[in-house]
Amino acid sequence: MADTMQFDLVSPERSLASLQATAVQLPGADGDMTAMPNHAPTITTLRPGIVRVEAPEGNAEFAVTGGFAEVTAAGTSVLAERAVPVSEMTQELLDGFVSDAAAASENATAENLDELAKRTVDIAAMASELGLTVKA
Amino acid sequence: MPNLKDLKNRIESVKNTRKITKAMQMVAAAKLRRAQEAAESGRPYAERFNAVLGGLAAASTGGDSAPKLLAGSGSDQVHLLVVMTAERGLCGGFNSSIVKMARAKAADLLAHGKTVKILTVGKKGREQMKREYGDRMIGHVDLSGVRNVGYDNAQAVAHDLLHRFNEGEFDVATIFYNRFESVITQVPTAKQVIPASFDAPEEGASASTVYDYEPSEEGILETLLPSGVATQVFSALLENAASEQGARMAAMDNATRNAGEMIEKLTIQFNRSRQAVITNELIEIISGAEAL
(Lines give C-alpha, C1' and ligand atoms only; values in the text may rest on other atoms or scores of the structure.)
Protein backbone atom coordinates (compact mmCIF):
# COMPACT_ATOMS: atom_id res chain seq x y z
CA MET A 1 0.00 0.00 0.00
CA ALA A 2 1.25 3.38 -0.92
CA ASP A 3 2.11 5.54 2.04
CA THR A 4 1.35 8.84 0.45
CA MET A 5 -0.90 10.29 -2.21
CA GLN A 6 -0.94 13.42 -4.24
CA PHE A 7 -2.82 16.28 -2.63
CA ASP A 8 -3.83 19.36 -4.61
CA LEU A 9 -5.64 22.37 -3.31
CA VAL A 10 -6.67 24.88 -5.95
CA SER A 11 -8.83 27.96 -5.79
CA PRO A 12 -10.05 29.77 -8.91
CA GLU A 13 -7.28 32.32 -8.58
CA ARG A 14 -4.30 30.17 -7.77
CA SER A 15 -3.05 26.81 -6.74
CA LEU A 16 -2.41 26.77 -3.00
CA ALA A 17 -0.86 23.42 -2.41
CA SER A 18 0.42 20.45 -4.32
CA LEU A 19 2.22 17.91 -2.18
CA GLN A 20 2.43 14.30 -1.04
CA ALA A 21 0.14 13.63 1.88
CA THR A 22 -0.61 10.65 4.08
CA ALA A 23 -4.12 11.75 5.01
CA VAL A 24 -6.48 14.60 4.29
CA GLN A 25 -9.40 15.51 6.50
CA LEU A 26 -12.20 17.13 4.52
CA PRO A 27 -15.24 19.05 5.74
CA GLY A 28 -17.73 17.23 3.54
CA ALA A 29 -21.25 18.54 3.12
CA ASP A 30 -22.60 15.39 4.76
CA GLY A 31 -19.98 15.26 7.46
CA ASP A 32 -16.25 15.23 7.89
CA MET A 33 -14.30 12.53 6.15
CA THR A 34 -10.67 11.57 6.00
CA ALA A 35 -9.16 10.52 2.72
CA MET A 36 -6.14 8.26 2.78
CA PRO A 37 -4.24 6.56 -0.02
CA ASN A 38 -6.32 3.96 -1.87
CA HIS A 39 -9.56 5.54 -0.82
CA ALA A 40 -12.56 4.60 -2.96
CA PRO A 41 -13.13 7.21 -5.70
CA THR A 42 -15.46 9.80 -4.26
CA ILE A 43 -16.69 13.24 -5.16
CA THR A 44 -18.12 15.30 -2.37
CA THR A 45 -19.19 18.88 -1.94
CA LEU A 46 -17.66 20.81 0.91
CA ARG A 47 -19.16 23.01 3.56
CA PRO A 48 -17.22 25.94 5.04
CA GLY A 49 -14.63 24.39 7.31
CA ILE A 50 -11.04 23.38 7.68
CA VAL A 51 -9.08 21.03 5.45
CA ARG A 52 -6.32 19.30 7.44
CA VAL A 53 -3.46 17.76 5.56
CA GLU A 54 -1.07 15.30 7.14
CA ALA A 55 2.13 15.07 5.21
CA PRO A 56 5.55 13.62 5.95
CA GLU A 57 7.10 17.07 5.83
CA GLY A 58 4.58 18.60 8.17
CA ASN A 59 0.90 19.17 8.56
CA ALA A 60 -1.02 21.97 6.96
CA GLU A 61 -4.41 23.46 7.53
CA PHE A 62 -6.56 25.49 5.18
CA ALA A 63 -9.83 27.28 5.77
CA VAL A 64 -12.20 26.84 2.83
CA THR A 65 -15.62 28.35 2.21
CA GLY A 66 -17.02 25.65 0.02
CA GLY A 67 -16.38 23.88 -3.23
CA PHE A 68 -15.83 20.22 -3.79
CA ALA A 69 -13.25 17.49 -3.45
CA GLU A 70 -12.38 14.67 -5.77
CA VAL A 71 -10.86 11.68 -4.05
CA THR A 72 -9.27 8.84 -5.98
CA ALA A 73 -6.99 6.01 -4.96
CA ALA A 74 -3.98 7.99 -6.16
CA GLY A 75 -4.78 11.38 -4.77
CA THR A 76 -7.12 14.02 -3.50
CA SER A 77 -7.95 17.29 -5.21
CA VAL A 78 -9.81 20.00 -3.41
CA LEU A 79 -11.38 22.68 -5.58
CA ALA A 80 -12.28 25.38 -3.13
CA GLU A 81 -14.27 28.51 -3.87
CA ARG A 82 -11.99 30.37 -1.52
CA ALA A 83 -9.17 28.91 0.47
CA VAL A 84 -6.79 30.49 2.95
CA PRO A 85 -3.99 28.84 4.93
CA VAL A 86 -5.06 28.83 8.55
CA SER A 87 -1.91 30.70 9.56
CA GLU A 88 -2.94 33.58 7.29
CA MET A 89 -6.53 33.59 8.44
CA THR A 90 -7.47 36.89 10.03
CA GLN A 91 -10.52 38.43 11.56
CA GLU A 92 -10.92 40.62 8.48
CA LEU A 93 -10.99 37.67 6.11
CA LEU A 94 -13.50 35.95 8.34
CA ASP A 95 -15.66 39.05 8.39
CA GLY A 96 -15.48 38.99 4.60
CA PHE A 97 -16.71 35.39 4.53
CA VAL A 98 -19.51 36.25 6.92
CA SER A 99 -20.66 39.27 4.99
CA ASP A 100 -20.59 37.28 1.75
CA ALA A 101 -22.77 34.63 3.34
CA ALA A 102 -25.08 37.30 4.71
CA ALA A 103 -25.36 38.95 1.32
CA ALA A 104 -26.23 35.60 -0.23
CA SER A 105 -28.90 35.00 2.42
CA GLU A 106 -30.56 38.28 1.63
CA ASN A 107 -31.67 37.23 -1.82
CA ALA A 108 -32.37 33.68 -0.75
CA THR A 109 -35.34 31.88 -2.16
CA ALA A 110 -37.49 29.52 -0.15
CA GLU A 111 -35.59 26.58 -1.62
CA ASN A 112 -32.08 27.47 -0.61
CA LEU A 113 -32.87 29.31 2.60
CA ASP A 114 -31.97 26.28 4.73
CA GLU A 115 -28.78 25.78 2.81
CA LEU A 116 -27.68 29.37 3.27
CA ALA A 117 -28.59 29.35 6.94
CA LYS A 118 -26.48 26.23 7.34
CA ARG A 119 -23.65 27.97 5.57
CA THR A 120 -23.68 30.81 8.07
CA VAL A 121 -23.68 28.33 10.94
CA ASP A 122 -20.82 26.41 9.35
CA ILE A 123 -18.75 29.57 9.07
CA ALA A 124 -19.41 30.33 12.72
CA ALA A 125 -18.31 26.80 13.64
CA MET A 126 -15.18 27.20 11.58
CA ALA A 127 -14.48 30.52 13.28
CA SER A 128 -14.69 29.10 16.77
CA GLU A 129 -12.36 26.31 15.75
CA LEU A 130 -9.89 28.94 14.62
CA GLY A 131 -10.29 30.94 17.81
CA LEU A 132 -11.95 33.84 16.04
CA THR A 133 -15.37 35.21 16.70
CA VAL A 134 -18.16 36.10 14.35
CA LYS A 135 -19.60 39.50 15.08
CA ALA A 136 -23.34 39.52 15.36
CA MET B 1 5.40 74.24 -48.23
CA PRO B 2 5.05 74.53 -44.45
CA ASN B 3 7.50 76.91 -42.92
CA LEU B 4 10.38 75.88 -40.68
CA LYS B 5 8.72 76.79 -37.42
CA ASP B 6 5.68 74.63 -38.21
CA LEU B 7 7.83 71.68 -39.13
CA LYS B 8 9.84 71.99 -35.98
CA ASN B 9 6.69 72.04 -33.85
CA ARG B 10 5.36 69.06 -35.72
CA ILE B 11 8.49 67.04 -35.11
CA GLU B 12 8.42 67.96 -31.44
CA SER B 13 4.81 66.87 -31.12
CA VAL B 14 5.38 63.52 -32.85
CA LYS B 15 8.35 62.94 -30.59
CA ASN B 16 6.13 63.48 -27.56
CA THR B 17 3.57 61.08 -28.96
CA ARG B 18 6.28 58.50 -29.42
CA LYS B 19 7.32 58.90 -25.80
CA ILE B 20 3.77 58.28 -24.68
CA THR B 21 3.21 55.23 -26.85
CA LYS B 22 6.55 53.83 -25.80
CA ALA B 23 5.63 54.26 -22.14
CA MET B 24 2.23 52.66 -22.72
CA GLN B 25 3.88 49.74 -24.43
CA MET B 26 6.15 49.16 -21.48
CA VAL B 27 3.32 49.43 -19.00
CA ALA B 28 1.29 46.97 -21.06
CA ALA B 29 4.22 44.56 -21.16
CA ALA B 30 4.51 44.64 -17.38
CA LYS B 31 0.79 44.20 -16.92
CA LEU B 32 0.71 41.47 -19.51
CA ARG B 33 3.11 39.38 -17.52
CA ARG B 34 0.94 39.67 -14.45
CA ALA B 35 -2.25 38.97 -16.38
CA GLN B 36 -0.67 35.99 -18.05
CA GLU B 37 0.42 34.58 -14.71
CA ALA B 38 -3.09 35.07 -13.35
CA ALA B 39 -4.56 33.34 -16.39
CA GLU B 40 -2.16 30.45 -16.03
CA SER B 41 -2.69 29.98 -12.31
CA GLY B 42 -6.43 30.01 -12.87
CA ARG B 43 -6.25 27.29 -15.46
CA PRO B 44 -5.82 24.18 -13.26
CA TYR B 45 -8.98 25.00 -11.36
CA ALA B 46 -11.03 25.57 -14.50
CA GLU B 47 -9.72 22.40 -16.12
CA ARG B 48 -10.40 20.18 -13.12
CA PHE B 49 -13.74 21.75 -12.58
CA ASN B 50 -14.84 21.23 -16.13
CA ALA B 51 -13.54 17.68 -16.16
CA VAL B 52 -15.54 16.74 -13.07
CA LEU B 53 -18.59 18.66 -14.14
CA GLY B 54 -18.37 17.28 -17.67
CA GLY B 55 -18.28 13.74 -16.31
CA LEU B 56 -21.25 14.41 -14.07
CA ALA B 57 -23.18 16.11 -16.81
CA ALA B 58 -22.55 13.31 -19.27
CA ALA B 59 -23.86 10.84 -16.72
CA SER B 60 -27.05 12.72 -16.03
CA THR B 61 -27.94 13.98 -19.49
CA GLY B 62 -31.03 12.42 -20.86
CA GLY B 63 -32.54 11.90 -17.44
CA ASP B 64 -35.75 13.80 -16.74
CA SER B 65 -34.29 15.12 -13.55
CA ALA B 66 -31.47 17.02 -15.25
CA PRO B 67 -31.30 20.52 -13.78
CA LYS B 68 -32.51 23.44 -15.83
CA LEU B 69 -29.03 24.90 -16.06
CA LEU B 70 -27.87 21.80 -17.89
CA ALA B 71 -30.92 20.85 -19.90
CA GLY B 72 -31.97 24.39 -20.76
CA SER B 73 -35.37 25.91 -20.30
CA GLY B 74 -36.86 23.90 -23.13
CA SER B 75 -36.75 26.68 -25.69
CA ASP B 76 -34.12 28.70 -27.48
CA GLN B 77 -36.14 31.75 -28.35
CA VAL B 78 -34.44 34.40 -26.26
CA HIS B 79 -30.68 34.66 -26.53
CA LEU B 80 -28.53 36.67 -24.21
CA LEU B 81 -25.19 37.81 -25.56
CA VAL B 82 -22.67 38.70 -22.90
CA VAL B 83 -20.12 40.92 -24.57
CA MET B 84 -16.95 41.11 -22.52
CA THR B 85 -14.55 43.84 -23.53
CA ALA B 86 -11.97 46.11 -21.99
CA GLU B 87 -12.59 49.25 -20.01
CA ARG B 88 -10.08 51.20 -22.05
CA GLY B 89 -9.25 51.75 -25.66
CA LEU B 90 -5.93 52.10 -27.42
CA CYS B 91 -5.48 48.39 -27.72
CA GLY B 92 -5.70 47.82 -31.45
CA GLY B 93 -8.54 45.70 -32.70
CA PHE B 94 -9.12 44.06 -29.34
CA ASN B 95 -12.52 45.52 -28.55
CA SER B 96 -13.71 45.78 -32.12
CA SER B 97 -13.04 42.15 -32.89
CA ILE B 98 -15.21 41.01 -29.99
CA VAL B 99 -17.94 43.45 -30.85
CA LYS B 100 -17.79 42.47 -34.50
CA MET B 101 -18.28 38.85 -33.62
CA ALA B 102 -21.13 39.63 -31.25
CA ARG B 103 -22.79 41.81 -33.88
CA ALA B 104 -22.56 39.09 -36.49
CA LYS B 105 -24.09 36.63 -34.05
CA ALA B 106 -26.85 39.07 -33.14
CA ALA B 107 -27.65 39.74 -36.78
CA ASP B 108 -27.73 36.02 -37.47
CA LEU B 109 -30.06 35.32 -34.56
CA LEU B 110 -32.35 38.17 -35.50
CA ALA B 111 -32.51 36.88 -39.06
CA HIS B 112 -33.72 33.58 -37.66
CA GLY B 113 -36.48 35.34 -35.77
CA LYS B 114 -34.94 34.97 -32.33
CA THR B 115 -35.03 37.59 -29.63
CA VAL B 116 -31.66 39.02 -28.73
CA LYS B 117 -30.73 40.63 -25.45
CA ILE B 118 -27.35 42.06 -24.70
CA LEU B 119 -25.41 42.38 -21.48
CA THR B 120 -22.08 44.13 -21.62
CA VAL B 121 -19.08 43.80 -19.38
CA GLY B 122 -16.56 46.57 -19.93
CA LYS B 123 -17.17 50.11 -21.08
CA LYS B 124 -15.83 49.87 -24.61
CA GLY B 125 -18.20 47.10 -25.60
CA ARG B 126 -21.15 49.04 -24.29
CA GLU B 127 -20.25 52.10 -26.30
CA GLN B 128 -19.90 50.12 -29.50
CA MET B 129 -22.94 47.91 -29.05
CA LYS B 130 -25.12 50.85 -28.09
CA ARG B 131 -24.97 52.33 -31.56
CA GLU B 132 -26.69 49.41 -33.20
CA TYR B 133 -28.46 47.48 -30.49
CA GLY B 134 -29.06 50.17 -27.86
CA ASP B 135 -32.66 49.11 -27.35
CA ARG B 136 -31.69 45.50 -26.71
CA MET B 137 -29.21 46.13 -23.96
CA ILE B 138 -30.49 44.90 -20.64
CA GLY B 139 -27.55 45.62 -18.45
CA HIS B 140 -23.95 46.54 -17.99
CA VAL B 141 -21.30 45.42 -15.57
CA ASP B 142 -18.79 48.09 -14.78
CA LEU B 143 -15.29 46.88 -13.99
CA SER B 144 -13.52 50.21 -14.37
CA GLY B 145 -12.67 50.40 -10.68
CA VAL B 146 -11.18 46.92 -10.66
CA ARG B 147 -7.45 46.69 -11.09
CA ASN B 148 -7.01 42.95 -11.07
CA VAL B 149 -10.05 40.87 -11.87
CA GLY B 150 -10.81 38.46 -9.08
CA TYR B 151 -13.13 35.55 -8.66
CA ASP B 152 -15.51 37.89 -6.84
CA ASN B 153 -16.05 39.88 -10.03
CA ALA B 154 -16.79 36.73 -11.97
CA GLN B 155 -19.17 35.59 -9.28
CA ALA B 156 -21.01 38.88 -9.43
CA VAL B 157 -21.47 38.52 -13.19
CA ALA B 158 -22.50 34.90 -12.81
CA HIS B 159 -25.01 35.75 -10.08
CA ASP B 160 -26.54 38.33 -12.34
CA LEU B 161 -26.76 35.81 -15.18
CA LEU B 162 -28.27 33.09 -12.99
CA HIS B 163 -30.76 35.50 -11.49
CA ARG B 164 -31.93 36.59 -14.93
CA PHE B 165 -32.08 32.98 -16.08
CA ASN B 166 -34.22 31.96 -13.12
CA GLU B 167 -36.53 34.88 -13.80
CA GLY B 168 -36.96 33.52 -17.30
CA GLU B 169 -35.41 36.52 -18.99
CA PHE B 170 -33.52 34.39 -21.51
CA ASP B 171 -33.06 30.80 -22.63
CA VAL B 172 -29.52 30.70 -23.92
CA ALA B 173 -26.52 32.74 -22.80
CA THR B 174 -23.32 33.07 -24.78
CA ILE B 175 -20.23 34.91 -23.66
CA PHE B 176 -17.95 36.71 -26.08
CA TYR B 177 -14.34 37.29 -25.20
CA ASN B 178 -10.84 37.12 -26.62
CA ARG B 179 -8.93 33.95 -25.97
CA PHE B 180 -5.27 34.61 -25.32
CA GLU B 181 -3.24 32.63 -27.81
CA SER B 182 -0.01 34.57 -27.73
CA VAL B 183 1.08 38.16 -27.38
CA ILE B 184 0.30 38.86 -31.02
CA THR B 185 -2.72 36.61 -31.52
CA GLN B 186 -5.96 36.86 -29.64
CA VAL B 187 -8.86 34.82 -30.88
CA PRO B 188 -12.37 36.20 -30.45
CA THR B 189 -14.36 33.37 -28.95
CA ALA B 190 -18.02 32.69 -28.32
CA LYS B 191 -18.90 30.24 -25.61
CA GLN B 192 -22.29 29.08 -24.52
CA VAL B 193 -22.55 29.05 -20.74
CA ILE B 194 -26.25 28.51 -20.17
CA PRO B 195 -27.38 25.80 -20.71
CA ALA B 196 -23.97 24.48 -19.79
CA SER B 197 -21.96 22.85 -22.52
CA PHE B 198 -18.81 20.88 -21.98
CA ASP B 199 -16.03 19.61 -24.11
CA ALA B 200 -16.26 15.87 -24.38
CA PRO B 201 -14.18 14.30 -21.63
CA GLU B 202 -11.01 12.66 -22.79
CA GLU B 203 -11.32 9.02 -23.64
CA GLY B 204 -10.58 6.73 -20.77
CA ALA B 205 -9.40 9.55 -18.54
CA SER B 206 -12.25 9.68 -16.12
CA ALA B 207 -14.72 7.34 -17.74
CA SER B 208 -13.08 4.31 -16.20
CA THR B 209 -13.47 5.53 -12.63
CA VAL B 210 -16.79 5.12 -10.95
CA TYR B 211 -17.17 7.66 -8.21
CA ASP B 212 -19.15 7.61 -5.03
CA TYR B 213 -21.08 10.81 -4.72
CA GLU B 214 -21.75 12.64 -1.52
CA PRO B 215 -24.46 13.86 -0.97
CA SER B 216 -25.89 12.58 -4.26
CA GLU B 217 -25.06 12.92 -7.91
CA GLU B 218 -27.94 15.30 -8.56
CA GLY B 219 -27.22 17.25 -5.40
CA ILE B 220 -23.63 17.81 -6.42
CA LEU B 221 -24.58 18.73 -9.94
CA GLU B 222 -27.06 21.26 -8.65
CA THR B 223 -24.50 22.94 -6.41
CA LEU B 224 -21.74 22.81 -8.95
CA LEU B 225 -23.52 24.10 -12.05
CA PRO B 226 -23.90 27.67 -10.76
CA SER B 227 -20.25 27.69 -9.76
CA GLY B 228 -19.48 26.31 -13.20
CA VAL B 229 -20.95 29.45 -14.75
CA ALA B 230 -18.81 31.57 -12.44
CA THR B 231 -15.73 29.55 -13.33
CA GLN B 232 -16.31 30.00 -17.03
CA VAL B 233 -16.93 33.71 -16.65
CA PHE B 234 -13.82 33.96 -14.54
CA SER B 235 -11.59 32.22 -17.03
CA ALA B 236 -13.06 34.41 -19.78
CA LEU B 237 -12.26 37.50 -17.71
CA LEU B 238 -8.71 36.34 -17.16
CA GLU B 239 -8.16 35.46 -20.80
CA ASN B 240 -9.60 38.81 -21.74
CA ALA B 241 -7.33 40.69 -19.37
CA ALA B 242 -4.26 38.98 -20.77
CA SER B 243 -5.45 39.50 -24.35
CA GLU B 244 -6.14 43.16 -23.73
CA GLN B 245 -2.62 43.81 -22.52
CA GLY B 246 -1.17 41.76 -25.35
CA ALA B 247 -3.19 43.66 -27.92
CA ARG B 248 -2.28 46.98 -26.36
CA MET B 249 1.37 46.08 -26.32
CA ALA B 250 1.31 45.17 -30.01
CA ALA B 251 -0.69 48.27 -30.93
CA MET B 252 1.62 50.56 -29.00
CA ASP B 253 4.68 48.91 -30.48
CA ASN B 254 3.27 49.67 -33.92
CA ALA B 255 2.45 53.22 -32.95
CA THR B 256 5.95 53.78 -31.62
CA ARG B 257 7.46 52.49 -34.82
CA ASN B 258 5.15 54.62 -36.97
CA ALA B 259 6.01 57.68 -34.95
CA GLY B 260 9.70 56.94 -35.50
CA GLU B 261 9.19 56.71 -39.26
CA MET B 262 7.21 59.91 -39.25
CA ILE B 263 9.92 61.72 -37.32
CA GLU B 264 12.50 60.58 -39.86
CA LYS B 265 10.38 61.82 -42.76
CA LEU B 266 9.66 65.12 -41.12
CA THR B 267 13.31 65.63 -40.23
CA ILE B 268 14.32 65.13 -43.86
CA GLN B 269 11.67 67.58 -44.94
CA PHE B 270 12.81 70.02 -42.29
CA ASN B 271 16.43 69.80 -43.38
CA ARG B 272 15.50 70.27 -47.05
CA SER B 273 13.40 73.31 -46.26
CA ARG B 274 16.14 74.79 -44.19
CA GLN B 275 18.64 74.22 -46.98
CA ALA B 276 16.25 75.82 -49.45
CA VAL B 277 15.92 78.87 -47.25
CA ILE B 278 19.71 79.17 -46.95
CA THR B 279 20.17 78.77 -50.71
CA ASN B 280 17.52 81.39 -51.30
CA GLU B 281 19.21 83.84 -49.02
CA LEU B 282 22.58 83.25 -50.70
CA ILE B 283 21.09 83.83 -54.13
CA GLU B 284 19.54 87.03 -52.93
CA ILE B 285 22.82 88.28 -51.47
CA ILE B 286 24.87 87.31 -54.54
CA SER B 287 22.44 88.76 -57.04
CA GLY B 288 22.24 91.87 -54.90
CA ALA B 289 26.03 92.20 -54.97
CA GLU B 290 26.15 91.60 -58.74
CA ALA B 291 23.62 94.32 -59.39
CA LEU B 292 25.87 96.97 -57.89
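This is a predicted model: local features need pLDDT of at least 70, side-chain atom pairs count only at pLDDT 80 or more; totals for chains, interfaces and linings use all residues.

I count two residues as in contact if their C-beta atoms, placed from the backbone, lie within 7 Å.

Residues are numbered from 1 along each chain as its sequence is written, while chains are lettered from A and ligands numbered from 1 in the order in which they are written.

**Chain B overall.** I got six helices and six strands for chain B, with helices (H or I, at least four residues) and strands (E, at least two) taken as DSSP runs numbered from the N terminus. The order along the sequence is α-α-β-α-β-α-β-α-β-β-β-α. Chain B is more spread out than a compact globule, because its radius of gyration is 28 Å, well over the 19 Å that the globule rule gives for 292 residues. That radius is over C-alpha atoms, and the rule is 2.2 Å times the number of residues to the power 0.38. The C-alpha box along the principal axes is roughly 110 × 40 × 35 Å.

**A against B.** I looked up who takes part: 21 residues from chain A and 22 residues from chain B. On the chain B side, α1 (4-60), β6 (212-214) and α6 (217-291) each supply at least two residues, and α1(B) gives the most, with seven. I also found β5 (residues 42-46) of chain A running parallel to β6(B), joined by three bridges; strands pair if DSSP finds at least two bridges between them. One bridge pair to click on is A:Ile43 with B:Tyr213.

**A:Thr76.** Buried or exposed? I have A:Thr76 as buried, because it has 24 C-beta neighbours inside 10 Å. The cut-offs are 20 or more other C-beta atoms within 10 Å for buried, 12 or fewer for exposed, and partly exposed in between, with C-beta atoms placed from the backbone. A:Thr76 sits in strand β9 (residues 75-80) of chain A. Leaving aside neighbours within four places in sequence, its contacts include A:Phe7, A:Val24 and A:Ala69. I also checked A:Thr42, 34 residues apart from A:Thr76 along the chain: their C-alpha atoms are separated by 9.4 Å.
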